[in-house]
Structure formats: C-alpha cells, structure tokens
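Biologist: I am new to this structure. Please show me how to read its features, one at a time.

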Amino acid sequence: MSGTWMTTRAWLLMLPLLVVMIAVIGWPLVDTVRLSFTDAKLVGTEGNFVGIDNYTKMISGSNFQRTLVTTALFAIISVAAEMVIGVLAALLLNQEFRGRTALRALMILPWALPTVVNATLWRLIYNPEYGALNAALTQLGLIDAYRSWLGEPGTALSALIVADCWKNFPLVALIALAALQAVPRDITAASLVDGAGPIARFRFVILPYLAGPLMVALVLRTIEAFKVFDIIWVMTRGGPANSTRTLSILVYQEAFSFQRAGSGASLALMVTLLVTVLAAGYAALVRKTVGSAA
Amino acid sequence: MLKSISKTLFGAALIGASFASHAFAETTINALFMAQAAYSEADVRAMTDAFTKANPDIKVNLEFVPYEGLHDKTVLAQGSGGGYDVVLFDVIWPAEYATNKVLVDVSSRITDDMKKGVLPGAWTTVQYDGKYFGMPWILDTKYLFYNKEILEKAGIKAPPKTWDELTEQAKAIKDKGLLATPIAWSWSQAEAAICDYTTLVSAYKGDFLKDGKPAFQTGGGLDALKYMVSSYKSGLTNPNSKEFLEEDVRKVFENGDAAFALNWTYMYNMANDPKDSKVAGKVGVVPAPGVAGKSEASAVNGSMGLGITSASKHPDEAWKYISFMTSQATQNQYAKLSLPIWASSYADPAVTKGQEELIAAAKVGLAAMYPRPTTPKYQELSTALQQAIQESLLGQSSPEDALKSAADNSGL
C-alpha cells in the first residue's frame, strides 16, 4: 500500500473527530474572537465593532493587572506546594508498612470530592465563629482569639491556597507513586550497598525516574491553577476587597454579572493565550527533561 | 389468536391514550426559585403541589439555586435561548431585565383587584418605566433583631430608636462584659452588604443617584458608610461581619452571640424555634433605627417578584401559576416565613397570631422601604460599592476615597 493512501485513510478516519472538534472548539473560539472586537451584551444587543478597544481598556485597567498578579501568586505557590507535598506523600506511601493500602485510598478522597463540596468543607473549617481551625489553634495556644481567615486580605489568599493544595496534592502523589513503582529494586538496593544517603539516593537514583511523570503533573496543575474559579467563588467570591479575585472570576463578572459579552470575550482570550504560552513553555521543558533522562 | 389481537389492540389504545394526554392536555412550565431565606424550598414545593392539584393540565418543573446564583442563571438561560418560563427576581433587577428584554411586560394582565389589594410599596418591586414586569411575591425588608435577655441584663429598658442609641446600648453591653462584640451584620463582599448599607443610607436620608449620576459619595451615602466603619473600628460590631452572609448572622444570633442583628423577616420565626435556636422566646424585633432629626426608622426594599421570561412559550400557563403563587390565600397560608403582599391580610388573625411583634415592626418598616437604585447597570454599581465597603472596613481606604472610586467605577 502506498504512503499517500495511508495518509488519506488516516485523514478519512479522523474526519468525524475533526468535524466535532471544529464544531465544539473551533467555531466557539472564532466566535469569541469576533465578540472580543465588539461591545456586544449577553442578551439584547448584538453589539458594534469597536476594534481593539476592549483589549486596550483591559490591559491599561488596574483590575486586570491586579488580578493577574493574584492569579500568578495563587498558581505559583499552590502548584509548588502541591508538587512538594505530593512527592513526599508518594515517597511515604511507597514504603512497606501496615495500613498502606487504606492510607492510599484515603489520600485520594480529597481529589475525588467535587470542588464545591471541598470548598464548602473548608469554609466550615475556616469559619470565624465555630471553625475547626480556630478551635484547634486556640486549644494549642497558638492564637488567643478566633480569627477571620477568609475575611482578612492578608490571610484569605493563603487560606485558599491551603484548601486548593489539600484538594490537588493527591493527583501529584498518585502520578509520582505510579512512577516510583517503576524504579527497579535492584538499583535502589545497589545504591544502598554503595553507601548513598537518602538525599543522594533520591537525587541520583529515584528522581530521574520521576522527572517525566512529574513534568506532566506540573503542566496539568499549572494550567488548572491559572484557570481556578469554583473553589474561590464558593469560599470568598473574590473578597475581601477583591484580594482573592483571579482572572476567571474577572471574566465571569465581566461577561455574566455585567453582561458585557464583548469585553468578557477579550478577557477570556487573554487567559487562553496565557495558558497556551505556559503550556507550550512546559512542553518544551518536558521534551528537554525526558530527553536528557532517557 | 383472537385473545392476542385484542391484547395488542388494548395495548395500542393504552399507548395512544398516554400519548394523547401528553400531546393535547399537559403543558410543562419551568420555574426558577432560590434555595434560602423567606419561603423554604419545601414551602415552594407544597404551594406548587397545591397548584398542580387545582390545575392538573399544567405541570411545573421547579429548580432552586442560591440567591447568589439567581441573577446569573436567569441571564445565562436567556442568553442561550431560554429554558425558564417563570423566574424569581430581586427588586434590583427589573430595570436591567426590562432593558435587555429578559422579562415580558405583564401590565395588561394585572387586574384591578390586584392593583387595589396589594400594598402600594410592594408594587415598586416589579415596576420599571411605568410598566409591570411581574407580581411581587416576597415582601421583605431588614429589621433590627435584639436579644431581650441580654438587653435586660444590661439594664436597657427599650430597644434603640436611633443608630446612635444602638451604639450606646451596644457599648453598655460590651462594658458590662455580657458580649465582646454585640452587633452582627452581613458585610461579606456580596449583595447582602449593600442591603445593610442601603438601610443606613435611608436612615441618613442619602441618595444613590441624582439625575442618573452617582450621589452616594457625599451626604447621607457617606454618613452611612462612616457609621459602618466607626461601628466596626469601635469593636462593637462583630469583626467577622465582613465575611458574613445573612445565614451567618442568623447562626450567630441564634447562638446568643449577638445582642443586635440586622436581618430579613425569615429570621424571626426561625430564631424563635427552640429546635435550632438557643435564644427561642427571647427574640425581639423592631424596625431598623433612624437618625435623630432625619428619620424615625430605616428600611431597605428587599422584596422579590415572579415574572415571565420573554423566551417562554407558555405565558398564559406561567401567569396562571404566578397568580396562584402570589394569591392572598396562598400567601396567608405561608405567612410565617414571609409576610403577605396583600393589605387586608394584616387584619387576619391567622396571619398575625404568634407574630404580633413582627407585624408591628413590619407596619413601620414596610412603609419606610428605601429602594436600591433602579438602573440597568445595577450589578456594576453594586460590585463597585461592595468593594468600597470592604476597603473602608479593612482600613485600606477612607470612606470618602472608597466611595469616590466606587462612583468612578460604577459605569454610570
């Protein structure tokens, strides 16, 4: 069979998928781009062409800049923490001990819970009047009065990051654990004989096996963290005083609460662009890491 | 053989009959409500069951969302081609909904009996530009609730009549060591904070808008925010108020941790229910206070109405349902969680029994109801004001500066 026929057949086989992709991704994307150059409202008017007005207004506005910083802070800190905690949890669960299976199952629980449930749970934990966190910290003598964790700009973002970590570190742990199972036992045994300490063993024997899968986890989590919406919407709605407002919340307010579909679309496209650049950067990094590890 | 044929025929007839009843007799309408405050979800279901019993040809699908999702869900459904026939809407939305053609004008459907029977203040809930966009359903304003036992222990004879008196009484309670932070509000970054703010704006005789331009940065609007900030900074207000919604206020009050709380009607009977509340039997309610020389009492219009969406294919059935839900009989039956919109209901002992104190407060409060501004850009204005309130409470900005930037960001 000739190569061209193979190629044609491949395209033919992919055709149904392509049609679906164009319908559900391609067309909405094109329409969003069109919308972003208009002053369309969500209901009512179709909108007029306004050029790049939406973009210039957005980029020069203090809302967008401040929200970008908040989003970046949230994403960087929570993803970094999730990676570290996830790997540590995986290393722990890779040891042989009694109750390991039960612990592994338990660890997945936060990740399996719907985000809204998770967020409601944490709102109860942080409750300034009856919350478990306040009760625990007071009983341990660490604070002398109950505090409003989600009501202070200084602590609200950190409180959200903790909740997000709790929900998402299991994903990292799960991926790392699977990778750890692939580390051949004779190699770790040999490194023990050679007198490698735990840190050296992790750095030179285990990490090369982990690097590729961890990269995948990092990409997934970073993209998700940049798009974070529901956990924040349920816990603080962007407050207090907009200190936890992320890009997705800004998009939501603009497009749905204020019904400005046009500028909402321009904002959404900026988020898409940002996430795409991040993903592309990571993809290059993955190729490099996996390439050098192999 | 014959038997099996007759069986088949019987079966066909059955199937035909079931199709017929769907195709010719039954109409299904979809209705969107909220799952909190005023009438409970169970109440709305019970009312709807009574309606379908009386109108077996109309089926009603009910959907409930939290108040925070009601506006966006309505607008989104409309933006995507509809889905709801009947929607619950807040008093602040008719301007926007009318301008964007989310709700249909039902002026011609309102009968003279309705016009005469319903309290005049209630109509402001559904009106915009001289037209009616639905029927008022939940008549509500914020009242000042107080804990009788705590006031008694502090030697206070009568609940406050002015906001300054409230401050003094709270200070007396704090100084006696009865409560560290006697006042609870719902000042979370949400619409709830605007309702508390509006109550104070009405007390200080402020204006939100003048000739369509923001006017809250000076005068009564500024005094209202200054009062909030000083109450917060003095420590008399529970500092957690800045992350409270109405339900948080209720829990704090029911736990005996607040001497004063501003909240809607629904809290009265819930806080008096010994099953959930530690303060049952000690709950006092009065109209929200006024300001000496300016007002006797203050109140925000927090009413809600039921309307028909422009996407509805069954407006007649939808109106039938709305008429039933807002009828005097239905409203009287469920008067414990939300007071009726009908003037003559207040003379009915079945409505007033057991809540005389609330009715007395309602007579003053409902008459003083102050509207939040009617503008199609309400959501933007509200978001800007929510930010101003939070920034001033947190000390990030002075009330003057915060309100000035809210005016700049209001889109008006």
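Modeller: Start with a definition: a charge sits over a ring if NZ of Lys or CZ of Arg is within 6 Å of the ring centre and within 35 degrees of the ring normal. Here the charged end of A:R237 sits over the ring of A:W233, 4.7 Å from its centre. Keep in mind that this is a predicted model, where local features need pLDDT of at least 70, side-chain atom pairs count only at pLDDT 80 or more, and totals for chains, interfaces and linings use all residues. Residues are numbered from 1 along each chain as its sequence is written, chains are lettered from A and ligands numbered from 1 in the order in which they are written, and side-chain values use heavy atoms, with hydrogens and water left out.

Biologist: How many aromatic pairs are there over all chains?

Modeller: A pair of aromatic rings is described by the distance of the centres and the angle of the planes. Rings of Phe, Tyr and Trp (its six-membered ring) pair if their centres lie within 6.5 Å; planes under 30 degrees apart are stacked, over 60 edge-to-face, and the rest tilted. The whole structure holds 22 such pairs. Take A:Y252 and A:F256: their centres are 5.4 Å apart and their planes at 70°, so this pair is edge-to-face.

Biologist: Where do A:Y252 and A:F256 lie in chain A?

Modeller: Helices are DSSP runs of H or I with at least four residues, and strands are runs of E with at least two, numbered from the N terminus. A:Y252 and A:F256 are four residues apart in helix α11 (residues 247–257) of chain A, about one helical turn. Ring pairs also link A:F229, A:W233, A:Y252 and A:F256 into a cluster.

Biologist: Is A:Y252 buried or exposed?

Modeller: Buried means under 20% relative accessible area, exposed over 50%, and partly exposed in between (1.4 Å probe, protein chains only). A:Y252 is buried at 16%. A:F256, at 26%, is partly exposed.

Biologist: What kind of pair do B:W185 and B:W187 form?

Modeller: Their centres are 4.7 Å apart and their planes at 25°, so the pair is stacked. B:W185 is buried at 1%. B:W187 is buried at 0%.

Biologist: Which residues of α5(A) are buried?

Modeller: First, the helix itself. An expected span is 1.5 Å times one less than the number of residues. Helix α5 (residues 115–126) of chain A has 12 residues and reaches 16 Å from first C-alpha to last, close to the 16 Å expected. A:T115, A:N118, A:A119, A:W122 and A:Y126 are buried in α5(A). Seen down the axis, these buried residues fall within an arc of 95° (taken from the directions from the helix axis to the C-beta atoms), so they line one face of the helix. An α-helix has 3.6 residues a turn, so residues three or four places apart point the same way.

Biologist: What covers the buried residues of α5(A)?

Modeller: The cover includes α6 (132–139), α7 (153–181) and α10 (230–235) of chain A.

Biologist: Which side chain makes a polar contact with the side chain of B:T265?

Modeller: A polar contact is a pair of N or O atoms within 3.5 Å; within protein, one must be able to donate a hydrogen and the other to accept it, and residues adjacent in sequence count only if both atoms are side-chain atoms. For B:T265 the partner is B:D140, at 2.4 Å. B:T265 is found in the loop between β11 (260–263) and α12 (266–271) of chain B. B:T265 is buried, at 1% relative accessibility.

Key. Contact means heavy atoms within 4.5 Å.
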